[in-house]
Amino acid sequence: MTAKDAILSAAELGNELAGSRPPVLLDVRWQLGGPDQRPAYEAGHLPGAVYVDLDRELAGPPGAGGRHPLPDPEAFGAVMRRAGVSADVPVVVYDGGQGWAAARAWWLLRWTGHPNVRVLDGGLVAWTAAGGAVTADRVTPEEGDFKPTPGAVGLLDADAAAVRAREGVLLDARAGERYRGEVEPIDPVGGHIPGALSAPTAENVGPDGRFLPADALRARFEGLGAAEGGGPVGVYCGSGVSGAHEVLALEVAGIASDLYAGSWSEWSSDPARPVATGPDPQ
């Protein structure tokens, strides 16, 4: 697996859109706890891009499975088909620049078996900085034929995440202060899964929001015990969104990993599950 299999630059996307087999474009702009981003999409998006709502279409209803549990696969497939996604056509996903929401869509498409999906590195910010055009034109795509087949990439539940922390490597993609339990602005309990290592996904990108070079990412993850060909690696975050971004960073680095999609929002909802605090994994 190479970086080009997972991400592409604005220049590369421009070339592909001008080619004979342009990718389907999905706009997944989203803000945690922020306003609906559809108006921003309608005001200006990449030509041909279809808006996908993370909270409503890339997640199931909040509950015991966390704040952003996985959507029903058949419902997700219907959303993707309406957006024009087909199994034999490449897909490129972008968001406003942070990359978290785009990575969530990327991971879901990979998990459900799409063979060719990538994230625009740096998102809409990188596209416009490179001189890429945006439009407010209404997009009505031709219906796609994508049929989800879940299980194409690794998925952890709470019990498997606990095992991964003990017997492999489990990375916590949240900010360090949330990992340590110093603050918890969203979920009922602060701290982390015992044995998990702090690895904030914000440290995988530069000031421009683009991923660090693959060699730099690989060195970072190897320093945390996650290496190509090493023991199994798992990732979690608050609700399975920024964790997908860390899975993407690991992919760029050439390291396979599994996502605990329920993440801390699911783990902390059960008072019987253990919680660790402070800078140490245990």
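Me: On what basis are residues numbered and values taken?

Reply: This is a predicted model, in which local features need pLDDT of at least 70 and side-chain atom pairs count only at pLDDT 80 or more, while totals for chains, interfaces and linings use all residues. Side-chain values use heavy atoms, with hydrogens and water left out, and residues are numbered along each chain as its sequence is written, from 1.

Me: Which residues does M80 touch?

Reply: Contact means heavy atoms within 4.5 Å. Leaving aside residues up to four places away in sequence, the contacts of M80 are L26, V52, L58, V85, L109 and F146.

Me: Is the pair of Y41 and Y51 stacked or tilted?

Reply: Rings of Phe, Tyr and Trp (its six-membered ring) pair if their centres lie within 6.5 Å; planes under 30 degrees apart count as stacked, over 60 as edge-to-face and the rest as tilted. The structure holds three such pairs. For Y41 and Y51, the centres are 5.5 Å apart and the planes stand at 35 degrees, so the pair is tilted.

Me: How many residues apart in sequence are the parts that Y41 and Y51 tie together?

Reply: Both Y41 and Y51 are buried. Y41 belongs to helix α2 (residues 38–43) and Y51 to strand β3 (residues 50–51), so the parts that the pair ties together are apart in sequence by 10 residues.

Me: Is the pair of W107 and W111 stacked or tilted?

Reply: W107 and W111 both lie in helix α5, four residues apart, about one turn of the helix. W107 is buried at 1% relative accessibility, and W111 is buried at 9%. Their ring centres are 5.6 Å apart and their planes at 10 degrees, so the pair is stacked.

Me: Which are the edge strands of the open sheet of five strands?

Reply: Two strands pair if DSSP finds at least two bridges between them. The sheet has the order β6-β10-β9-β7-β8, with parallel pairing. Within it, four bridges join β7 (residues 169–172) to β9 (residues 233–236), and V169 stands opposite V233. Pairing on one side only marks the edge strands, β6 (155–156) and β8 (197–198).

Me: Is T201 buried or exposed?

Reply: T201 lies in the loop between β8 and α9 (214–223). Beyond residues up to four places away in sequence, T201 touches W100, A173, S242, H245 and E246. With a relative accessible area of 1%, T201 is buried.

Me: What distance separates the C-alpha atoms of V89 and P22?

Reply: V89 lies in the loop between α4 (73–82) and β4 (91–94) and is partly exposed, with a relative accessible area of 25%. Not counting residues up to four places away in sequence, V89 touches R21, P22, V24, H114 and N116. V89 and P22 are 67 residues apart along the chain, and their C-alpha atoms are separated by 8.1 Å.

Technical notes: Helices (H or I, at least four residues) and strands (E, at least two) are DSSP runs, numbered from the N terminus. Buried means under 20% relative accessible area, exposed over 50%, partly exposed in between (1.4 Å probe, protein chains only).
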